[in-house]
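Welcome, and please open your viewer. We will go from stop to stop, with something to select at each one.

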Amino acid sequence: MEVKRILGAMFLNLFMALLEVLGGVFSGSLALISDALHNINDFFALLISYLAEIISKNKKSNLNHTFGFRRVEILAALLNGVLLLGVFLFLIIEAFGRIKSPKEVEGIQTVIIGVIGLVGNILGASLLHEDSHHNLNIKGAFLHLLSDAISSVGVIIGALFIIFYRLYVADTIMSLLIAGFILYSSVDLIKETIHILMEGTPKGLNINEIQKILCQISGVKDIHHIHVWQISTKDYLFSAHVVVEDQKISEAQKIISQVKQALKDKFNIHHSTIEIESEDLLKEKECQCEY
């Protein structure tokens with residue numbers, strides 16, 4: 001379903017982009033042309049997202065990629081963020097060029113195309129909104145479409161100022177505001193993807209809280225060397241050393257099974273690697289669990 005939604009949003013976005021290019025050329029609106037180029041950029045961003053979803057879901061793990069290709073999702077999200085930065089730079093350059101050489105803009109044509117673009121972007125964003133909450137790649141595509149919708153609002157507002165007040169600079173001002181929003185969206189997305197690629201602790205997970213919960217399991221004397229990271233938006237990984245009393249491996253394994261179950265139930269961590277250590281090797285000053 002995620003892939004079909006991306007595909008639908010992709011072609012809807014392409015149609016809107018072509019319409020805005022034509023409208024921008026005939027009306028002379030920089031904001032409309034900027035929004036059109038933003039839409040064209042978004043088409044390629046959605047195409048990247050679409051291909052990433054296909055690869056991450058269908059490409060199986062092998063000896064060279066034991067976790068499969070799920071991280072393609074994160075790489076695609078990072079690329080989308082970089083593309084957004086490129087759009088921001090283009091809009092800034094064009095806007096300042098227009099300030100130096102103002103041009104007359106056809107307000108009514110710009111409003112009509114802007115409204116059509118707004119409706120199209122809202123429809124496209126609505127297709128991806130639900131999946132954007134649990135997939136960073138789709139979140140990147142959703143942010144592209146959301147920024148397009150906000151851009152269209154800016155285009156319409158600027159055109160209304162032109163119609164009623166003949167204030168042609170409003171078109172350029174809206175282009176700069178659109179650029180500012182794009183910068184904010186791209187930086188946030190890039191920061192999030194880099195955090196994942198740097199094996200940062202997933203957002204929403206607190207290592208101290210995980211340690212506290214696991215220490216409450218009967219038989220766990222201590223837990224340390226905790227590492228939590230993620231392969232994709234939804235795939236969390238966990239590793240740690242768990243200290244237990246000196247006992248049979250079969251008995252210690254029961255404790256480890258409880259630890260793994262707690263990680264699944266309370267923290268949505270389904271892939272965990274636990275190393276067992278004997279309590280005899282634990283120094284009191286190193287103990288992290290409170291008895």
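A residue is called buried when its relative accessible area is under 20%, exposed when it is over 50%, and partly exposed in between, using a 1.4 Å probe and protein chains only. Helices (H or I, at least four residues) and strands (E, at least two) are DSSP runs, numbered from the N terminus. This is a predicted model, in which local features need pLDDT of at least 70 and side-chain atom pairs count only at pLDDT 80 or more, while totals for chains, interfaces and linings use all residues. Residues are numbered from 1 along each chain as its sequence is written, and side-chain values use heavy atoms, with hydrogens and water left out.

**Stop 1: helix α4**

Select residues 107–129, which form helix α4. Buried residues here include Gly 107, Val 111, Gly 114, Leu 118, Asn 121, Ala 125 and Leu 128. An α-helix has 3.6 residues a turn, so residues three or four places apart point the same way. How far apart are the end C-alpha atoms of α4? They are 32 Å apart, which agrees with the 33 Å that its 23 residues should span at 1.5 Å a residue; the expected span is 1.5 Å times one less than the number of residues.

Now pick Thr 110 in α4. Thr 110 is buried, with a relative accessible area of 1%. Leaving aside residues up to four places away in sequence, Thr 110 touches Ser 27, Ser 29, Leu 32, Val 105, Val 155 and Ala 159; contact means heavy atoms within 4.5 Å.

**Stop 2: α3 against α6**

Two packed helices are described by the angle between their axes and the distance between the axes. Show α3 (residues 72–100) together with α6 (residues 169–197): their axes come within 8 Å and cross at roughly 155°. That makes α3 roughly antiparallel to α6. Axes are lines fitted to C-alpha atoms, for helices over the stretch in contact, and angles run from 0 to 180 degrees between N-to-C directions. Angles under 35 degrees count as roughly parallel, over 145 as roughly antiparallel, 65 to 115 as roughly perpendicular and the rest as oblique.

The residues of the contact of α3 with α6 divide into 24 nonpolar, six polar and two charged. Here Ala, Val, Leu, Ile, Met, Phe, Trp, Tyr, Cys and Pro count as nonpolar, Asp, Glu, Lys and Arg as charged, and the others, Gly among them, as polar.

**Stop 3: α7 and α8**

Next, select α7 (residues 207–215) and α8 (residues 249–267), whose axes come within 10 Å and cross at roughly 130°. The two helices are therefore oblique to each other. Which residues meet here? Glu 209, Ile 210, Ile 213 and Leu 214 in α7 meet Val 259, Ala 262, Leu 263, Lys 266 and Phe 267 in α8. The residues of this contact divide into seven nonpolar, no polar and two charged.

**Stop 4: two positive phi values**

Most residues other than glycine have a negative phi. Click on His 225, where phi is near 50°, a positive value. His 225 sits in strand β1 (residues 222–230) and is partly exposed at 49%. Then go to Asn 268, with phi near 60°, in the loop between α8 and β3. Asn 268 is partly exposed too, with a relative accessible area of 41%.

**Stop 5: Arg 166**

Finish at Arg 166, in the loop between α5 (136–165) and α6. Arg 166 and Glu 104 are 62 residues apart in sequence, yet 9.0 Å apart in space, C-alpha to C-alpha. Beyond residues up to four places away in sequence, Arg 166 touches Glu 104 and Phe 161.
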